Amino acid sequence: MGAHKRPSKLSRAGAASALTLAAVGATVLAPGGAAEAEASSVSSTALRIAASKQGSPYQWGATGPYRFDCSGLTLYSFKRAGKSLPRTAAQQYNSTQHIPRSARETGDLVFFVSGRGIYHVGIYAGDGRIWHAPKTGAVVRLERIWTNSVLYGRVG
């Protein structure tokens, strides 16, 4: 059978298996969806890396691997996942694809805004929570987003 006539994995699996794939959150790629899947994979990897740093102490200006400030944690996590980010939270915001809250996904960056400036960044973990390095005297941790004054960005 030629490659052009070979049934797709999805059609060979059958409708019941397709429902199972959807229920467990498996990724099914559509034509042209490879770039989106790659970005999602990078973001998921960065999220896991940030989570692996739980308990690491905050230090202003630190970019890891043992101490972090907020943008240092995001920079380190995405760098280890294969993407480069600029150093500060504001620069990171300017280098991401801006997305609405309704489109946020795990692994997206969450930017905290005061007045006209970005003052903090974390990685969205789902369910209204972020992994972040909060402040002096604190450690990298999972925490609820505490304000509505946030913007979202996706690393491309």
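Which residues touch the most other members of the largest nonpolar core? In this predicted model, F68, F78, L109, V121, I123, W131 and V140 do so, within a core of 24 residues. A nonpolar core here is a set of buried Ala, Val, Leu, Ile, Met, Phe, Trp, Tyr and Cys residues joined through side-chain atoms within 4.5 Å. Buried means under 20% relative accessible area, exposed over 50%, and partly exposed in between (1.4 Å probe, protein chains only). At least two core residues come from each of α2 (34–52), α3 (70–81), α4 (89–94), β2 (109–114) and β3 (117–126). A second, separate core holds eight residues, including I99, F112, V150 and Y152.

The protein chain contains four helices and six strands. Helices (H or I, at least four residues) and strands (E, at least two) are DSSP runs, numbered from the N terminus. Of the 156 residues, 37% are buried.

Five salt bridges are present. Each is a side-chain nitrogen of Lys or Arg within 4 Å of a carboxyl oxygen of Asp or Glu. E105 pairs with R154, with the closest N and O atoms 3.9 Å apart. This pair links the loop between β1 (97–99) and β2 to strand β6 (residues 150–154), across 49 residues. E105 is partly exposed at 43% relative accessible area, whereas R154 is buried at 17%. R144 and D127 meet at 3.6 Å, N to O. D127 is exposed, at 55%.

Residues are numbered from 1 along each chain as its sequence is written. Local features need pLDDT of at least 70, side-chain atom pairs count only at pLDDT 80 or more, and totals for chains, interfaces and linings use all residues, while side-chain values use heavy atoms, leaving out hydrogens and water.
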